[in-house]
Amino acid sequence: MVGAHDQPQSMCPAFGSLRVALRMRRTASVLVGSACCAYGLTFTSHFYGARRSVGYVPFDSETLVTGKLFEDVREAAYRLADPERYDAVVIINLCVPSASGVPLRLLPESINGVRIIGIDVPGFGVATHAEAKDVLSAAMLRRARQEAELGPVQAPRGARSTRPTVALIGEMFPVDPVTLGMLLEPLGLAAGPVVPTREWRELYGALAGVAAAAIHPQYTGVCNEFAVAGRPVVGSAPVGYEGTAVWLEGIAAACNVSAANLDSAKNRWLPAIKQALAGSPIKGRITLSGYEGSELLVGRLLVESGADLRYVGTACGRTQWSMQDCDWLESKGVRVQYRATLEQDLEAMAEFAPELVVGTTPVVQQAKEAATPALYFTNLISARPLIGPAGAGSLAQVINAAMASRPRFAAMDAFFGAAALSAPVPGGSGDAAGIGAAIGTEDLASC
């Protein structure tokens, strides 16, 4: 029997919510769940260099059954609610307290002026860590919206933009918000805060925009909050030539931008993107899968770069904000699979025999065992710029370099496969020179 941990399509979803909280200034994070889970999730703070503690409320069978666990959580919230240190305390129920119904909704909304945000992020209820980012982001944005509806709120740290702003939704490569601002400038607009934000007051700034751009489509709760606030949401992202043209048109329509300004933006950016794509072509058959939420955007960019993309799998679900990307990819003959399982990713790899596999850790492992070049999507692909002229050429170098390594994989396969069966062993007979002939030292080093 294969268990859930043998074929993960995402890490523990609480990883995503904790990531959002750890990014924010003046925000405390508390986990409620099994000790082993809390121990593992502290990896998040080390991995991202957060340099802050993660709180934990322990429990046992007695405190869980009697309700004492809720009282312990409440006590922890009161102990942490110091307005000199924090704007918010985030309390995250993991699997066991979520399943047992520990009622974080009964916690006070604020203590000593510090907001108390309680969420449930069980592995059995939230499919991916990417969607768990939305759970906390939406809860925070909802609270910020309610506060703004009651009266004046804290101003942003920096100067207010003199132009109408568009809030950006999704964790992006650091240069992407800058590039988005440059794309918006000829439309008479500016890039607003990125949700998830780095600070509570930025939530007010995001809500103050005239529209929101769902760069990453899995943030459905955040999109709903913008809709309740009366802000139109535009899906997809300006990736590639066609993607940028359609995105600019969508933003212009949502923000009542004049036709002249829209034409100005297109004339400024589309030729540069076309030139960047032509200067960085990708040739080869590829399958792509991941669990970050940006898989369809990367797929679009690969296709516009010339790649023969056959399959895109994403562990995230289908949303209205990704349908445009899905329709475009399918019109190009690409199979798109939402809620992709490991089995479906591997079946696509077997069916299409790609020259390069981009995927999750177990997919990459299987590809390399089959002597097929492979790249881990999260670290090597999704962490690159995708937007505008810079994004158009960002993938070519790493993709083409990986595909160029195919002869090295073939040499390794020959050496460690068939060659290994007949290779001489220490103290035995055989021609040791045959091993050197099978694969050069420099080839081994470069692998």
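**Cores, sheets and local geometry of the predicted model**

The largest nonpolar core has 58 residues. Those with the most contacts inside this core are Ile 251, Ile 286, Leu 302 and Ile 399. A nonpolar core is a set of buried Ala, Val, Leu, Ile, Met, Phe, Trp, Tyr and Cys residues joined through side-chain atoms within 4.5 Å. Buried means under 20% relative accessible area, exposed means over 50%, and partly exposed lies in between (1.4 Å probe, protein chains only). A second, separate core of 42 residues includes Met 24, Ala 88, Leu 94 and Leu 136. In soluble globular proteins, nonpolar side chains tend to be buried together.

The model is predicted: local features need pLDDT of at least 70, side-chain atom pairs count only at pLDDT 80 or more, and totals for chains, interfaces and linings use all residues. Residues are numbered from 1 along each chain as its sequence is written, and side-chain values use heavy atoms, with hydrogens and water left out.

Ile 286 has partners from several parts of the chain. Contact means heavy atoms within 4.5 Å. With neighbours within four places in sequence set aside, the contacts of Ile 286 include Leu 302, Leu 309, Tyr 311, Leu 356, Val 358, Ile 399 and Met 403. Ile 286 also has Leu 356 in β13 as its bridge partner. Helices (H or I, at least four residues) and strands (E, at least two) are DSSP runs, numbered from the N terminus. Two strands pair if DSSP finds at least two bridges between them. Strands β10 (residues 285–290) and β13 (residues 356–359) pair in the parallel sense over 3 bridges.

An open sheet of 5 strands has the order β12-β11-β10-β13-β14, with parallel pairing. Its edge strands, β12 (335–338) and β14 (374–376), each pair on one side only. The twist averages 10 degrees from one strand to the next. Axes are lines fitted to C-alpha atoms, for helices over the stretch in contact, and angles run from 0 to 180 degrees between N-to-C directions. Helix α15 (residues 342–352) lies across β10, β11 (308–314), β12 and β13. It runs at about 170 degrees to β11. Helix α19 (residues 394–404) also packs on the sheet, touching β10, β13 and β14. The direction of α19 makes about 130 degrees with that of β13.

Helix α13 (residues 295–304) is largely enclosed by the rest of the structure, because 10 of its 10 residues are buried. Gly 306 follows α13 and has a positive phi, near 105 degrees.

Strand β6 (residues 165–169) is likewise enclosed. All 5 of its 5 residues are buried, so the rest of the structure largely encloses this strand. Thr 165, Ala 167 and Ile 169 point one way from β6, and Val 166 and Leu 168 point the other way. In a regular strand the side chains alternate between the two faces of the sheet. β6 pairs with strand β7 (residues 190–195) in the parallel sense over 4 bridges. Ile 169 stands opposite Val 195 in β7. The chain crosses from β6 through helix α8 (residues 175–184) to β7, in a right-handed β-α-β crossover. Right-handed means that, with the strands pointing away from the viewer, the path from the first strand over the helix to the second runs clockwise. β6 also runs parallel to strand β8 (residues 211–214), joined by 4 bridges. There, Leu 168 stands opposite Ala 213.

Another open sheet of 5 strands has the order β2-β1-β3-β5-β4, with mixed pairing. β2 (55–57) and β4 (110–111) stand at the edges with a single partner strand each, so one side of each is left without a neighbour in the sheet. β4 and strand β5 (residues 114–120) run antiparallel, joined by 2 bridges. Most residues other than glycine have a negative phi, and most peptide bonds are trans. Asn 112, in the loop between β4 and β5, has a positive phi of about 55 degrees. Asn 112 counts as exposed, at 56% relative accessibility. Arg 26 also has a positive phi of about 55 degrees. Arg 26 is found in the loop between α1 (14–23) and β1 (27–32), and counts as partly exposed at 30% relative accessibility. A cis peptide bond joins Val 195 and Pro 196, with omega about 10 degrees.

A disulfide is a pair of cysteine sulfur atoms within 2.5 Å. By this rule the count is 0 disulfides. The cysteine sulfur nearest to that of Cys 36 belongs to Cys 37, 4.2 Å away. Cys 36 is exposed, at 59% relative accessibility. Cys 223 is buried, with a relative accessible area of 1%. Its sulfur is 13 Å from the closest cysteine sulfur, in Cys 316, and therefore too far for a bond.
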